[in-house]
2 protein chains.
Amino acid sequence: MNLEAYILGTGGTMPLPGRFLTSVLLRREGDLLLFDCGEGTQVALRRLGLRWKKISAIFISHTHADHVTGLPGILMLSSQVDRDTPLYIYGPPKIREYVEVNRKALDMYINYEIIVREIPKPSLPDVVYSTEGYQVRAFPVPHSRTCYGYSVVEDPRPGLFHPEKARELGIPVGPLWGKLQAGEQIQLEDGRSFSASDVMGPARKGRKFTFITDSLPDPGLVNEMRDADLLICEGMYQHAEADTAAEKRHMTGVQAAALARDAGGVRQMGMVHFSPRYTKRDIQVIEDEARAVFPAAFAGKDGMLVEIPYVD
Amino acid sequence: MNLEAYILGTGGTMPLPGRFLTSVLLRREGDLLLFDCGEGTQVALRRLGLRWKKISAIFISHTHADHVTGLPGILMLSSQVDRDTPLYIYGPPKIREYVEVNRKALDMYINYEIIVREIPKPSLPDVVYSTEGYQVRAFPVPHSRTCYGYSVVEDPRPGLFHPEKARELGIPVGPLWGKLQAGEQIQLEDGRSFSASDVMGPARKGRKFTFITDSLPDPGLVNEMRDADLLICEGMYQHAEADTAAEKRHMTGVQAAALARDAGGVRQMGMVHFSPRYTKRDIQVIEDEARAVFPAAFAGKDGMLVEIPYVD
């Protein structure tokens with residue numbers, strides 16, 4: 001099953017010519033999950049040429065304009081396809097107000113159900129969305145406004161099948177092997193019965209995608225980053241601007257990299273939400289600085305597709 | 001005094017990669033007036049590289065999303081410069097609600113005064129904004145929601161100075177000529193007195209810029225279009241789609257051109273708000289069709305600068 005992240009934009013604060021605001025679309029087979037939705041995200045999505053109108057759920061980090069003002073456009077365009085399932089929007093307090101007042105003030109044409117779920121901060125960290133095959137967990141991150149990170153965590157996969165064990169136990173090659181791999185119990189003609197655990201290794205962890213922006217480099221974040229197959233994390237500033245980052249309750253690329261390193265098990269980290277003051281060259285500096293700390297770090301680029309493969 | 005229009009975008013309904021939503025920035029010396037402000041307009045403005053953060057007033061045609069959802073971004077960015085004058089926003093009913101609920105829901109940082117003036121439809125047509133050198137007139141246009149067009153009309157300029165008349169009257173070349181041109185009365189040493197009208201022709205009309213979108217091709221529009229030095233008018237559809245245009249309460253390029261022709265005195269007409277279904281080639285068809293009816297018609301292009309010179 002494919003799991004892939006499209007980095008729709010990498011900008012912070014304001015959209016720029018050639019740099020969309022930070023947003024990530026995660027695709028897992030037919031499911032599309034959108035993380036943050038600033039002004040212009042619908043254009044960034046359209047640029048990909050995906051059938052993106054059937055987004056299942058949108059997860060909003062916080063209600064600063066650069067993370068939400070693209071919502072009305074996305075919601076209206078989602079009316080251009082038939083859908084029989086609701087669109088879920090998750091976010092911190094005020095996200096429902098934001099959606100509802102805009103629907104009302106703009107008298108938007110929406111031909112499907114929108115369900116906005118405001119997540120109360122004291123309830124976190126917790127699973128906020130759960131569907132076949134994966135869950136989405138939300139956790140608070142320290143910023144100048146109530147702000148959440150999110151992790152998509154796949155259910156564990158069955159362990160590896162060991163044919164040599166099946167042969168050893170005298171289970172004949174054929175449909176019975178398939179049943180065991182699917183988790184069923186089987187009985188042989190000689191009366192002996194076997195279950196999956198007799199021929200398969202331990203369950204393997206599913207993949208994990210983690211999205212964190214905007215946040216101070218709080219050491220507690222390592223618990224949420226741990227074992228992420230793809231971590232998307234803000235790396236808004238060069239390390240020389242660590243003071244500015246702290247003052248604005250953001251972090252530098254180096255700080256993001258140190259957290260990813262300390263977390264353990266992070267396979268790759270894409271940085272986003274770059275200061276609008278920075279040129280491409282400035283962002284290259286952020287990447288270089290971060291890689292010196294955590295070699296699996298990279299600077300996200302608008303339109304970048306990042307595959308998230310199984311480890312084993 | 002320069003008067004120039006920047007066509008920031010030419011799209012209708014939704015922003016596209018490579019096509020911003022319809023919006024026009026009118027510059028008259030230090031004054032910047034913005035007409036409509038859909039998602040992405042701040043990016044289109046930034047692309048021009050102007051000092052655009054000090055917009056004096058924003059005029060909104062109507063509260064469909066593709067004409068207003070860029071406002072929060074523009075309002076926030078306008079906080080990045082010092083300004084001691086308010087920013088005015090003019091539009092139909094609900095525009096104040098739209099601005100206020102977004103300010104509140106997003107808890108926007110705004111360090112200057114925003115004055116929203118909702119224009120009641122029964123009061124129109126009328127002058128809604130008046131400042132040194134020009135006025136802005138609003139008028140209702142027929143669409144699926146209360147919608148206004150706007151005309152910027154410069155004050156009349158003084159007539160031409162006729163030096164031969166001044167000589168004939170025995171007024172000596174020098175400061176007295178300047179005083180007469182500035183509209184002052186003068187007295188010669190021999191006791192005779194003269195005023196401007198003795199040496200100058202009749203006052204000349206100022207320039208006129210008219211902005212109309214979204215609208216049915218109502219014949220009454222000709223009264224507002226008349227004598228426009230630059231008319232920006234929607235030409236959303238090819239003429240083969242006149243039925244679609246009517247159903248959606250829009251017009252074709254041909255219909256816009258016929259109105260501009262019938263109005264009389266329209267010097268150039270730039271068409272905007274093209275259907276998102278249309279490619280550049282399709283829009284070329286709109287231009288070709290419109291020019292056959294009114295040769296001074298052209299299809300607007302994103303980022304286009306249109307100078308509006310004095311006629312004489």
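Of the 312 residues of chain A in this predicted model, 57% are buried, that is, under 20% relative accessible area with a 1.4 Å probe and protein chains only. The accessible surface of chain A, from the Shrake-Rupley method with a 1.4 Å probe, amounts to about 12900 Å², and carbon and sulfur atoms account for 49% of that area. Along the principal axes, the C-alpha atoms of chain A occupy a box of roughly 75 × 50 × 40 Å.

Chain A contains 11 helices and 16 strands, taken as DSSP runs numbered from the N terminus (helices H or I, at least four residues; strands E, at least two). Contacts are heavy atoms within 4.5 Å; of those in chain A between residues at least 6 apart in sequence, 64% link residues at least 24 apart.

The structure has 1 cavity of 30 Å³ or more, a cavity being a set of points on a 1 Å grid over the protein atoms alone where a 1.4 Å probe fits but cannot get out. The largest cavity holds about 30 Å³ of space, the volume being that filled by probe spheres set on the points, which are joined across faces, edges and corners. Its lining (residues with an atom within 4 Å of a point) consists of A:Leu71, A:Pro72, A:Leu75, A:Tyr98, A:Val99, A:Asn102, A:Arg103 and A:Met108. At least two lining residues come from each of helix H3 (71–77) and helix H4 (95–106) of chain A, and H4(A) contributes the most, with 4 residues. The lining of the largest cavity comprises 6 nonpolar residues, 1 polar and 1 charged, where Ala, Val, Leu, Ile, Met, Phe, Trp, Tyr, Cys and Pro count as nonpolar, Asp, Glu, Lys and Arg as charged, and the others, Gly among them, as polar.

Residues are numbered from 1 along each chain as its sequence is written, and chains are lettered from A and ligands numbered from 1 in the order in which they are written. In this predicted model local features need pLDDT of at least 70 and side-chain atom pairs count only at pLDDT 80 or more, whereas totals for chains, interfaces and linings use all residues; side-chain values use heavy atoms, with hydrogens and water left out.

Conventions. On a 1 Å grid over the protein atoms alone, a cavity is a set of points where a 1.4 Å probe fits but cannot get out, and a pocket is an open set with protein on both sides within 12 Å along at least five of seven lines; lining residues have an atom within 4 Å of a point. Buried means under 20% relative accessible area, exposed over 50%, partly exposed in between (1.4 Å probe, protein chains only).
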